[in-house]
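Thanks for coming. Please look at the picture first.

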Amino acid sequence: MIPPDTHLQIGSLLFEGLDQIDLTGPFEILARIPNSTYRIYAATPDPVRDVRGLRILPDATLDAAPRLDVLHVPGGQGQEALMRDPAVLGWIRQQAGGASHILSVCTGALLLGAAGLLVGRRATTYWNAVHLLPFFGAEPVDARVVIDRDAESRTWVFAAGVTAGIDGALRLAAELRGAEAAQGIQLGMQYAPEPPFDSGTPGTAPPAIVAAARARAADLTARREATARAIAAELGIRLPESADANRGG
């Protein structure tokens, strides 16, 4: 927990084609962190559209961001276009280097991997991309939220797909300001999910539903894997024999 009189600079990355819940779910928590400033940063000042067409406007450009104490990296289909973007990856690398806490949601973890920041870490990501984590030197963990701490005293919070970002951000809020603060934020949001179906993971959804979802995402999954393999080679990461066997795990 960080002393309550320490002001926190919190920033989220915004990019074309992200999944807005990866951004706006954690936003609902991060914007309520006591004694903090929250801003959204993008490569340009222009509005972007999320994967479903929602227009979102950044607060400022990447180069205008201060040194962040908390960095939030969302995911979504647009993540793939940034896996070779030196400006965005350099910004992520620089901000993560100075931050005390880093939160990734969904395939935002792959952006951290492309920036070379996952080597040796325990992490999670979206269920249809979790098999790619070893390509970036990470140990995949089958959990909705994974917390990892490094030798530099940084705390890494990895949330699985989409709505898991809310859970991850609440865990992060507790890390930053204590459990009572996080519980107050949760109550203010009335976050008490009661989903009508037990179909939120490949392990609980009907097999036909899982197969259809994999089929719809097959092209994107293949592109992500090709990119991950190329980055693994550049990073000098030797893949375990089980990397392919873990696909979709």
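**The sheet and its strand 11**

Strand 7 and strand 11 run parallel and are joined by 5 bridges. Two strands pair here if DSSP finds at least two bridges between them. Strands (E, at least two residues) and helices (H or I, at least four) are DSSP runs, numbered from the N terminus.

Before going further, a note on where this comes from. This is a predicted model, in which local features need pLDDT of at least 70 and side-chain atom pairs count only at pLDDT 80 or more, while totals for chains, interfaces and linings use all residues. Residues are numbered from 1 along each chain as its sequence is written, and side-chain values use heavy atoms, with hydrogens and water left out.

Back to strand 11. Strand 10 and strand 11 (residues 155–159) run antiparallel, with 5 bridges joining them. The hairpin made by these two strands has 5 residues between them, and S153 takes a positive phi near 65° there.

Y41 stands opposite A60 in strand 5. Strand 1 and strand 2 also pair in the parallel sense, over 6 bridges, and S12 stands opposite I40 in strand 2.

Helix 1 belongs with these two strands: strand 1, helix 1 and strand 2 make a right-handed β-α-β unit. Right-handed means that, with the strands pointing away from the viewer, the path from the first strand over the helix to the second runs clockwise.

**What is buried**

Is strand 11 enclosed or open to the outside? 5 of its 5 residues are buried, so strand 11 is largely enclosed by the rest of the structure. Buried means under 20% relative accessible area, exposed means over 50%, and partly exposed is in between (1.4 Å probe, protein chains only). On one side of strand 11 the buried residues are T155, V157 and A159, and on the other W156 and F158, which leaves both faces covered.

W156 has a relative accessible area of 0%, and F158 comes out at 1%. Their rings have centres 6.3 Å apart and planes at 10°, so the pair is stacked. Rings of Phe, Tyr and Trp (its six-membered ring) pair if their centres lie within 6.5 Å; planes under 30 degrees apart count as stacked, over 60 as edge-to-face and the rest as tilted. A search of the whole structure finds 4 aromatic pairs.

R121 touches both W156 and F158, and its other contacts include E139, D148 and D150. Contact means heavy atoms within 4.5 Å. R121 sits in the loop between helix 3 (108–114) and strand 8 (122–123), and is buried at 10% relative accessible area.

L117 lies in the loop between helix 3 and strand 8 and is buried too, at 11%. Beyond its neighbours within four places in sequence, L117 is in contact with I92, R93, A96, L112 and W156.

That leads to the core. A nonpolar core is a set of buried Ala, Val, Leu, Ile, Met, Phe, Trp, Tyr and Cys residues joined through side-chain atoms within 4.5 Å. The largest one has 75 residues, and those with the most contacts inside it are L13, W91, I92, L111, L112 and F136. Helix 4 (residues 164–177) gives the most to this core, with 7 residues. As for I92, among the residues it touches are L13, L71, V73 and L117.
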